[in-house]
Amino acid sequence: MAALLTTSSTACSPLRASRPHPPRVLFSPAATAAKVLLVGSSLGESQEVAVASRPSEQARHRSRSQEQRLSGPGPSISPTRGRLESVLAIGFALAFLAWTRLLHSAALTGLDQALHPPDIGSRSAVGQVAEALALVTHPVAVLIGTTVLGIVSYKNRMRRLSLALGVAALGIPLQQVIAWRLDRPAPASFFADSISALGGAYPAGHVTATTLGAWVLVTLARAHRRGSSRVLVGTVVGYTVVCLAAAGQWVMGLATASDVVGGFLLGATVANTALWAGGIDSIVAAWARRGLPRGSTGKRAALIYNPTKFDDLSLLRRRVEADVLNAGWLPTLWLETSPDDPGREMTRRALDAGVDLVMVAGGDGTVRAVSAELAEAAAPPPMALIPAGTGNLLARNLAVPLDTDQALQLALHGQPRPIDVVHCRHDGGAQRFVVMAGVGLDARIMGDVDEHLKRVIRSGAYALAAVHNAFPAPFTATVTLDDGEPTQQQAVMALVGNVGTITGGIALFPDAQPDDGYVDLLLANPDRVTDWARLGAQSLTGQYTGQNVKGFTFAQARRITIETVEPVAFELDGDTTEPTRTLRATVEPGALRVVAPARSAPTR
């Protein structure tokens, strides 16, 4: 059945094991339909399920029951607010254009004359207070603050919110461009030499900036799931500052009443455009729905999380509990991993509690530990991914959103799909993985990654480690596919994959699917560094087929055995372990159910 692997250091003729035509998924373990129990309740002893075993009729019945519960109707997110923000953005934009036209037609001259500011000196108490307020609310300060908050939000995996903050920050340079283009001179004032007097008078820059600042304050309070009282306080404080900034500019004689109104209209336009562009439902998914579901779904989830992956655990808790409550689920069972246990015991506790869903918030190591325990259990509940690591490779390959809010919505309302798990035996024992395992170069790169540096530059840490291992020494590998004859070949890296795409959208295994019942193999022994570059370029441009790259050999099988003469560096889903001489990978088709979108391209 297996095809021979033949390649050399100068040429490569990739062959793959021929595929028989059995059913695509040989085994799909049944899921439990446990009622929501107290944390201390137990489902009894879990039993290991062999790959070829068939679930019992009772287990199949429990699986169907739980599938119905998970696929039952959940509260839908009304698009009303999204339509409201788009209408407000267009409405304020039209109002700003109309107000600007009135200004240019001198129709607002009477208003400005009627609301002429008082004559105050720059050394007066009122003047000094107004100038100090103008300095604090300077557009540059608001721009810097909004930009920093956008970066922090992105780091906290609030990507839609980060996008909205980025759009809001662009409103400040937009105001400067409009003021420069309209070139409306500022009124004569004792404060003409103030830093606040820079730029044109219309629209008033301080008012635009403080309007955006107030919007940022309120939006952050809501997006961070703060209580209604805090949101109310933030709203009052924010728009009080807007009024004070407007009054200060008017009192200082730096802006007329029409300039102030124009500044507010522009700020409101940009603020509502930011919410609209950022995706309203994704940002305000939990707080835009004012009422709770009429009844509880009776479902309960466990969240297994790695605390080192989050800078603000209280924010994670608020986001999860808000979405869980709005979905009609019971309070979540929170289980924290430890340095000694990336999630195995926590998964067993979740199974004992009889939860309906196991959510995983962590990196690839946490996902692998939880997946392995669920795959071993009898009729386990589905797993849902809340990406929180650097690679997030399983989430990327299943197109799970990397934004935490979107991932939570998918976890609570999406459908589970079966995926394969790979059982791996090596010199150090036996483990399961869901992404990739490898010996040689990739394991050496993983082992050389600086964890502290990874937290700062994330994927860049892997690039630096790759540079340190740019000239690896090859090793001799004896490879056996299924029941085929062993073949021997030189390689600097041997990768065994359950999925095909790694970080950056590079498809190392173009034919790999997480539910195809096969495990993929890549043996690499390129002549030059340019061969690696050619592989990466073809992967990114979609020209890579797995059969046209010199120095690389590809194969697919249900069982793959790799043996080496000397121990070689070894990794599982990005976690390095002791070097090994032997690697035996056997696919377990459909052994795990994961909540994921319908089939689509992997997330980059």
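# Notebook: loops, strands and salt bridges

I started with Pro203, which sits in the loop between helix 6 (159–182) and helix 7 (205–223). The peptide bond joining Tyr202 and Pro203 is cis, with omega at about -10 degrees. I note here that the model is predicted.

**Whole chain.** I counted elements next. The protein chain has 19 helices and 18 strands. Buried residues make up 52% of its 604 residues. I then looked up contacts between residues at least 6 apart in sequence; 78% of them join residues at least 24 apart. The accessible surface comes to about 26700 Å², and 60% of that belongs to carbon and sulfur atoms.

**Positive phi.** Ala379 is one of them, at about 50 degrees. It lies in the loop between helix 13 (364–376) and strand 6 (383–387). Is Ala379 buried or exposed? Its relative accessibility is 7%, so Ala379 counts as buried.

Asn392 also turned up, with a positive phi of about 50 degrees. I placed Asn392 in the loop between strand 6 and helix 14 (393–397). Asn392 counts as buried because its relative accessibility is 4%, and the cut-off is under 20%.

**Strands 7 and 8.** I moved on to strand 7 (residues 416–426) and strand 8 (residues 429–433). They run antiparallel and are joined by 5 bridges. The hairpin between strand 7 and strand 8 passes through 2 residues.

Arg432 is buried at a relative accessible area of 6%. Glu376 is partly exposed at 30%.

**Strands 10 and 11.** Strand 10 (residues 475–481) pairs with strand 11 in the antiparallel sense, over 5 bridges. Gln489 in strand 11 is the bridge partner of Ala477. I then read the side chains along strand 11 (residues 487–491). Thr487, Gln489 and Ala491 point to one face and are buried.

Which residue does Asp483 meet in a salt bridge? The partner is Arg559, at 2.4 Å from N to O. The pair links distant parts of the chain: Asp483 is in the loop between strand 10 and strand 11, and Arg559 is in strand 17 (residues 559–572), 76 residues apart. Asp483 counts as exposed at 62% relative accessibility, whereas Arg559 is partly exposed at 34%.

**Other salt bridges.** How many salt bridges does a search of the whole structure find? I got 11. Side chains of opposite charge can pair when their charged atoms come close. One of the pairs I looked up is Arg368 with Asp575, the closest N and O atoms being 3.5 Å apart. Arg368 is in helix 13 and Asp575 in strand 18 (residues 575–595), so the pair links distant parts of the chain, 207 residues apart. Arg368 counts as buried at 12% relative accessibility. Asp575 counts as partly exposed at 32%. I also noted a network of salt bridges that links Asp112, Arg184 and Asp259.

**Helix 9.** I looked up Asn272, which is found in helix 9 (residues 257–278). Asn272 is buried, with a relative accessible area of 10%. Its side chain reaches the backbone oxygen of Ala268 at 2.8 Å. I set aside neighbours within four places in sequence and listed what Asn272 contacts: Glu85, Leu88, Ala89 and Phe92.

**Surface patch.** Last, I looked for nonpolar residues on the surface. Ile90, Leu94, Leu97 and Trp276 form a nonpolar patch there, with about 430 Å² of accessible area together. Which element gives the largest share of the patch? Helix 2 (residues 80–104) does, with 3 residues. Leu97 lies in helix 2. Leu97 is exposed, at a relative accessible area of 54%.

Methods:
Residues numbered from 1 in each chain as written. Predicted model: local features only at pLDDT ≥ 70, side-chain atom pairs only at ≥ 80, totals over all residues. Heavy atoms only, no water. Patch = residues over 30% accessible without salt bridge, like charges linked within 9 Å, V, L, I, M, F, W, Y side chains within 5 Å. Areas by Shrake-Rupley, 256 points an atom, 1.4 Å probe, with all protein chains shown as cover. Salt bridge = Lys/Arg side-chain N within 4 Å of Asp/Glu carboxyl O. Helix = DSSP H or I, 4+ residues; strand = E, 2+ residues; numbered from the N terminus. Buried < 20%, exposed > 50% of the residue type's maximum accessible area, 1.4 Å probe, protein only. Pairing = 2+ DSSP bridges. Polar contact = N/O pair within 3.5 Å; in protein donor to acceptor, adjacent residues only side chain to side chain. Contact = heavy atoms within 4.5 Å.
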